[in-house]
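Please open the model in the viewer and keep the sequence panel beside it. The stops below give one selection at a time, each followed by what is found there.

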Amino acid sequence: GNRHGLAQVRGNHERDHRYQGRHHTQQVQRTTAAGKPHAPEEIPEEETAQAAAGSWALLDLILAILTVAVGLVMLGMRFTGRGGPLHLLGVVPALVSVIAFMITSDLSQPMAITGRWTLLMAGLAVVQLVLLIAGRGFRSTEE
């Protein structure tokens, strides 16, 4: 018996250490001051927080690929003399989008259409298009 009124936890401690996110309860038996047991009480354990968000976004991948493709076109335009100085800056959103996708996406997880970082990726694509359009107004003076 438990003479001090403390809770006794019944359970297989090896099973508890192997717990990997499955719902599971522990049975706790409380005793009164006189040492008589109360009815057993079920206490559910909290779900374990996962490090990964649980999915990666297809739209993020598409936007990153388009941003890189437009950046490469802009770089090609710059070096063939058909692009302006702003086209050289197209490398920046392209690199940032690739790095952001690699940091924020875990391709081993299930795919979703959009995700937490889709607005960032869309913003980078918009910046890339603005640079492409604004760069067309400037022509290279080098001959």
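**First stop: α2 and α3**

Select helices α2 and α3, which pack at an angle of about 155° with their axes 8 Å apart. Axes here are lines fitted to C-alpha atoms, for helices over the stretch in contact, and angles run from 0 to 180 degrees between N-to-C directions. Helices (H or I, at least four residues) and strands (E, at least two) are DSSP runs numbered from the N terminus. α2 and α3 are therefore roughly antiparallel to each other; angles under 35 degrees count as roughly parallel, over 145 as roughly antiparallel, 65 to 115 as roughly perpendicular and the rest as oblique.

α2 passes α3 in a left-handed crossing, a term used if the near helix is turned anticlockwise from the far one by less than a right angle, clockwise being right-handed. To display the contact (heavy atoms within 4.5 Å), show Asp60, Leu61, Ala64, Thr67, Val68 and Leu75 of α2 together with Val91, Pro93, Ala94, Ser97, Val98 and Phe101 of α3. By class, this contact of α2 with α3 holds nine nonpolar, two polar and one charged residues. In this classification Ala, Val, Leu, Ile, Met, Phe, Trp, Tyr, Cys and Pro count as nonpolar, Asp, Glu, Lys and Arg as charged, and the others, Gly among them, as polar.

The model is predicted: local features need pLDDT of at least 70 and side-chain atom pairs count only at pLDDT 80 or more, whereas totals for chains, interfaces and linings use all residues. Residues are numbered from 1 along each chain as its sequence is written, and side-chain values use heavy atoms, with hydrogens and water left out.

**Second stop: the whole protein**

Zoom out and colour by secondary structure: the protein has four helices and five strands. From the N terminus on, the elements follow the order β-α-β-β-β-α-α-β-α. Of the 143 residues in the protein, 25% are buried, a word that stands for under 20% relative accessible area, with exposed over 50% and partly exposed in between (1.4 Å probe, protein chains only). Among contacts between residues at least 6 apart in sequence, 61% join residues at least 24 apart.

On α3, show Pro93, Ala94, Val96, Ser97, Ala100 and Phe101, and on α4 show Leu120, Met121, Leu124, Val127, Gln128 and Leu131, which together make the contact. The residues of this contact of α3 with α4 divide into 10 nonpolar, two polar and no charged.

The axes of α2 and α4 are 9 Å apart, and the packing angle is about 20°. That makes α2 roughly parallel to α4. The crossing of α2 and α4 is left-handed. The contact is formed by Leu59, Asp60, Leu63, Ala64, Thr67, Val70, Gly71, Met74 and Met77 of α2 with Thr118, Met121, Ala122, Leu124, Ala125, Gln128, Leu131 and Leu132 of α4. The contact of α2 with α4 comprises 12 nonpolar, four polar and one charged residues.

Which residues make up the largest nonpolar core? Select Trp56, Leu63, Ala64, Ala100, Phe101, Met121, Leu124 and Ala125, eight residues in all. A nonpolar core is a set of buried Ala, Val, Leu, Ile, Met, Phe, Trp, Tyr and Cys residues joined through side-chain atoms within 4.5 Å. The elements giving two or more residues to this core are α2 (58–79), α3 (91–104) and α4 (118–136). α4 gives the most, with three residues.

**Last stop: single residues**

Centre on Leu124, in helix α4. At 11% relative accessibility, Leu124 counts as buried. Not counting residues up to four places away in sequence, Leu124 touches Thr67, Pro93, Val96 and Ser97. Leu124 and Ala64 lie 60 residues apart in sequence and 8.4 Å apart in space, C-alpha to C-alpha.

Ala125 counts as buried at 14% relative accessibility. Leaving out residues up to four places away in sequence, Ala125 touches Leu63 and Thr67.

Finish at Gly83, in the loop between α2 and α3. Gly83 counts as buried, at 0% relative accessibility.
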